[in-house]
Amino acid sequence: MFLALATIIIALIRSTSSQSAAGCYESIVSFGDSLADTGNYPMLFESDSHTPSYALPPYGRTFFHRPTGRCSDGRLVIDFIAQRLGLPLVQPYITGRDRSFSKGVNFAVIGATALDFDFLRNIGFPNTFTNVSLGTQIDWLKQFLATIPDGRKFLQKSLVLMGEIGGNDYNHPIMQGSTFEEMQPLVQLVIHYIGSTIEELIKLGAETLMVPGNLPIGCFPFCLATYKDSSIAQDYDPKTGCLNWLNDFTIYHNQLLQEELSRIRELYPHAVLIYADYYNAAMRFYLSPAEYGFSKDIILSACCGGGGPYNYNGTGKCGIPPARSCDDPASYVSWDGIHLTEAAYRLIALGLLQGPYTIPHITTACPAFNRDDQVYQY
Ligand SMILES: *[C@@H]1O[C@H](CO)[C@@H](O)[C@H](O)[C@H]1NC(C)=O
Ligand SMILES: *[C@@H]1O[C@H](CO)[C@@H](O)[C@H](O)[C@H]1NC(C)=O
């Protein structure tokens, strides 16, 4: 009894003495894929002969009014989180210029997988888009930490965004038309990899990590278009028109991810591991589009695309004419068939920060003097 009380008191003292646990983060450290990349990909492949379509107009049209390397018409969830915390938008790590990363550093890369490039190739699911994986991003983090005075402290005071990552490990099999059963063995591997990476980050000093699950990809134009003529599992949800089996697959991934987070919480009780429920935060849009400002009749179509069913055309991608953008991206959930619009990302971010979609709920309280100071600097 006494021991239990003492443990609670020690835990309380710890959590109040740690700034990050109180929700006052000095920076954001981000890993992931196109859902979080704020500009790494185009710089990594700058020397390649052709510009990736994601780095061409109309990407960025709504907020930045130019392409920034973000896979959307505007800001991503990470941008809205940074703004809410009074921090600058998180800088991409890969850059030709000298930049200060004191308030945040982003290692996320479009197309990145959780599992290593060579491993995926060897098991027959090669990543044809990039060789960057979560392991590459952790190597970059270590290189970065070695260049600053106190890397451990930097991580301790950061909000670490672990993903979303893992979606691309499945996207390549999906583009080949794979089944649930063919992809299922991948899930354990992906979750295990994400879990051991989280443990590694905690050992390096990280104390607050937000870990998003996957989005309802069964509602995504690229999936709906890929499986349109396929004989397997054309089982659509009558309420939404989404592919049931693909959403069930995402739910399966998210379930294992949450079990993994519970396991890690027990091993490292001082760390705050927040699950970000992207799936349900986004599923609301498909269930009641009008409530969120989306148009019901185009809820499953991409705003920017090259025509065809769901306005997703694998050979006529957004960014490459004759594909073009719709007039009002804010009335669409899907921007280019694979990624969401700024309007959708904004609502997801609000759902995480103010709504019920972070477990445990993310605290963003910060002493007023500190916050004002940060806002002025921004
Ligand atoms: C990834 O590919 C690039 C060339 O596009 C190469 O320079 C780099 O060394 C590769 N990285 C790894 C980890 O294989
Ligand atoms: C897809 O885009 C290509 C290239 O622009 C075009 O030739 C083709 O007709 C489009 N397919 C559909 C179904 O619209």
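# Briefing: a sheet, a ligand site and some backbone exceptions

Strands β3 (residues 158-162) and β4 (residues 208-212) pair in the parallel sense over three bridges. Two strands count as paired if DSSP finds at least two bridges between them; helices (H or I, at least four residues) and strands (E, at least two) are DSSP runs, numbered from the N terminus. The model is predicted, and local features need pLDDT of at least 70, side-chain atom pairs count only at pLDDT 80 or more, while totals for chains, interfaces and linings use all residues. Residues are numbered from 1 along each chain as its sequence is written, chains are lettered from A and ligands numbered from 1 in the order in which they are written, and side-chain values use heavy atoms, with hydrogens and water left out.

**The sheet**

- The open sheet has six strands in the order β2-β1-β3-β4-β5-β6, with mixed pairing.
- At its edges are β2 (104-106) and β6 (358-359), each of which pairs on one side only.
- Helix α8 (residues 180-204) lies across β1 (27-31), β3, β4 and β5 (272-276) and runs at about 165° to β3.
- Contact here means heavy atoms within 4.5 Å; axes are lines fitted to C-alpha atoms, for helices over the stretch in contact, and angles run from 0 to 180 degrees between N-to-C directions.

**Ligand 2**

- The residues around ligand 2 are G306, G307, G308, N313, T315, G316 and P322, where a residue is near if one of its heavy atoms lies within 4 Å.
- By class, this shell holds one nonpolar, six polar and no charged residues; Ala, Val, Leu, Ile, Met, Phe, Trp, Tyr, Cys and Pro count as nonpolar, Asp, Glu, Lys and Arg as charged, and the others, Gly among them, as polar.
- An N or O atom in the side chain of N313 is 2.3 Å from an oxygen atom of ligand 2.
- The protein buries 44% of the 360 Å² that ligand 2 exposes when taken alone, with areas from the Shrake-Rupley method and a 1.4 Å probe.

**Backbone exceptions**

- Most residues other than glycine have a negative phi, and most peptide bonds are trans.
- The bond from G163 to E164 is cis, with omega near 15°, and E164 is in the loop between β3 and α7 (167-175).
- P321 and P322 are also joined by a cis peptide bond, with omega about 10°; P322 lies in the loop between α11 (278-287) and α12 (342-353).
- H65, in the loop between α2 (40-44) and α3 (77-84), has a positive phi near 60°.

Conventions:
Polar contact = N/O pair within 3.5 Å; in protein donor to acceptor, adjacent residues only side chain to side chain.
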